[in-house]
Amino acid sequence: MLKQILPGATLGVLGSGQLGRMFAIEARRLGYNVHVFSPDEKTPTGAVADREWSAAYDDFDALDQFAKSVDVVTLEFENVSTAALERLEKQVPVRPGPQVLEAAQNRLKEKRAMASFGLPTAPFAAINDLKQLKEKLTEFGGKGILKTASWGYDGKGQQTVNSEDDLATVWESYEGQETILEGFVDFARELSIIGIRDANGNFDCFDPILNVHANHILDVSLAGPELFSMNIIKRAKEIIRTIMESLNAVGVLCVELFQTGSDELVVNEIAPRPHNSGHLTIDAHYCCQFAQQVRAICNLPLGSTKLRQPAAMANLLGDVWSADGTPDWSQALSTPEIRLHLYGKDEAKPGRKMGHMTALSSSCQEAEEIVRSVRDSL
Ligand code: AMP
């Protein structure tokens with residue numbers, strides 16, 4: 001059994017956005033110190049951390065100093081080089097480790113890893129030239145999504161393509177980048193499942209969460225007992241467990257899944273950290289994904305993943321902010337079912353995640369109606 005890292009110790013987090021912020025809040029609730037490392041200053045995480053380290057992720061001198069100041073390192077952002085993690089790992093436990101990041105950072109490696117674990121994904125192929133793009137698109141039924149293999153998130157660097165499209169122009173805009181073509185999955189619903197695993201191999205997971213996207217960005221997430229059949233819940237749990245155990249992932253990991261019309265689950269992608277769809281666990285579950293991250297990386301007993309109450313979460317993007325500044329929060333604050341979370345970001349840009357709201361109610365349908373109507377009122 002590995003030793004527990006007890007409250008009073010210092011937890012390091014790579015990445016300084018809202019996920020790090022909510023992690024730091026939970027860590028501090030338990031009496032830990034938090035140091036955050038990222039290239040930025042005055043960040044959402046830095047505002048609630050004990051110390052903010054501002055240096056490039058490949059600044060090894062700064063990483064060495066950071067490693068000396070913390071008892072364990074975790075991350076809230078997967079686009080850190082594995083070399084940086086390997087450097088840190090020589091000095092301090094890094095959870096999850098570089099092998100997990102490596103699989104999650106590159107869509108080709110990720111899909112190949114899933115296939116090697118025996119898990120279903122969309123048909124996929126690495127694309128190196130226009131001829132290959134045309135051939136593979138035909139093989140995948142004439143419709144697919146062309147994605148950059150690395151550094152993509154929230155639909156960035158991806159485009160739906162059809163055989164009739166002007167593929168030469170499409171290909172030109174990707175040329176020079178490592179690209180993957182995925183066959184289009186005609187899914188009925190999108191869901192995610194969040195798992196927690198510690199370095200001793202203890203594992204648990206939340207029930208799956210139903211996700212609705214708008215413009216390739218997560219818009220609304222739902223949690224409730226009425227959402228999924230027992231079979232889907234069981235299958236989703238098998239998938240997350242297989243992935244975390246096969247990758248030897250420690251910490252929190254989210255798997256995004258497609259549910260097909262015939263109730264098959266297909267893995268879309270993995271995120272080796274807490275996930276936007278799990279924000280509702282803060283208000284709706286006994287122990288939220290961020291508190292679970294703290295527990296998992298410190299070898300503390302994992303918390304209960306049980307749902308307290310059906311819930312719906314709606315993201316608040318910068319689009320909600322008008323030219324006059326902050327929205328009027330009166331209705332959000334005076335609706336008893338609503339919990340408002342703001343990330344302390346000063347510059348609101350379209351598409352930028354600025355906060356979220358979670359509504360709790362007796363059913364997720366009711367919770368969804370409340371959260372959508374309060375958001376519409378902003
Ligand atoms: P991703 O960045 O891979 O999570 O993709 C963003 C969104 O695009 C997903 O949540 C889906 O709605 C859609 N999408 C991605 N890949 C596929 C696919 N192979 N087939 C159908 N829709 C997809």
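## Reading the spaces and the ligand site

Modeller: Let's start inside: the largest cavity holds about 40 Å³ of space. Keep in mind that this is a predicted model.

Colleague: How do I read a cavity, and how many of 30 Å³ or more does the structure hold?

Modeller: A cavity is a space where a probe fits but cannot get out. Here there is 1 cavity of 30 Å³ or more.

Colleague: Which residues line the largest cavity?

Modeller: Look for Glu190, Leu191, Asn211, His213, Glu256, Leu257, Phe258 and Asn268. The elements giving two or more residues to that lining are E9, strand E11 (209-214) and E13. E13 gives the most, with 3 residues. Sorted by class, the lining has 3 nonpolar, 3 polar and 2 charged residues.

Colleague: Okay, on to the ligand. How many residues surround it, and which are the closest?

Modeller: For a shell, you pick out residues with a heavy atom within 4 Å of the molecule. In this case 18 residues surround the ligand, and Lys147, Gln158, Val185, Glu190 and Glu269 are the closest. Glu190 is also in the lining of the largest cavity.

Colleague: Which parts of the chain supply that shell?

Modeller: Strands E6 (143-148), E8 (179-183), E9 (187-197), E13 (251-260) and E14 (265-271) each supply at least two residues. By domain, the shell draws at least three residues from each of domain 2 (123-183) and domain 3 (187-377). By class, it has 6 nonpolar, 6 polar and 6 charged residues.

Colleague: What distances lie between side chains and oxygen atoms of the ligand?

Modeller: For a polar contact, you look for N or O atoms within 3.5 Å of each other. A polar side-chain atom of arginine 107 lies 2.9 Å from a ligand oxygen. For glutamine 158, a side-chain N or O atom is 2.9 Å from an oxygen of the ligand. With histidine 213, the distance from a side-chain N or O atom to a ligand oxygen is 3.5 Å. As for cover, the ligand taken alone exposes 470 Å², and the protein buries 94% of that.

Colleague: And the second largest pocket: where does it lie?

Modeller: A pocket, in contrast to a cavity, is an open set of points. Domain 1 (10-94) and domain 3 (187-377) both give residues to the lining of the second largest pocket, so it lies between them. About 250 Å³ of space lies in it. Its lining has 17 residues, with Ile25, Glu26, Arg29, Ile282 and Cys288 nearest the centre. H1 gives the most to this lining, with 5 residues. By class, the lining has 10 nonpolar, 3 polar and 4 charged residues.

Methods. Residues numbered from 1 in each chain as written. Predicted model: local features only at pLDDT ≥ 70, side-chain atom pairs only at ≥ 80, totals over all residues. Heavy atoms only, no water. 1 Å grid on protein atoms, 1.4 Å probe; cavity = no way out; pocket = protein on both sides within 12 Å on 5 of 7 lines; lining within 4 Å. Points joined across faces, edges and corners; volume = space filled by probe spheres on them. Helix = DSSP H or I, 4+ residues; strand = E, 2+ residues; numbered from the N terminus. Nonpolar A, V, L, I, M, F, W, Y, C, P; charged D, E, K, R; others polar. Domains from an automatic or database assignment. Polar contact = N/O pair within 3.5 Å; in protein donor to acceptor, adjacent residues only side chain to side chain. Areas by Shrake-Rupley, 256 points an atom, 1.4 Å probe, with all protein chains shown as cover.
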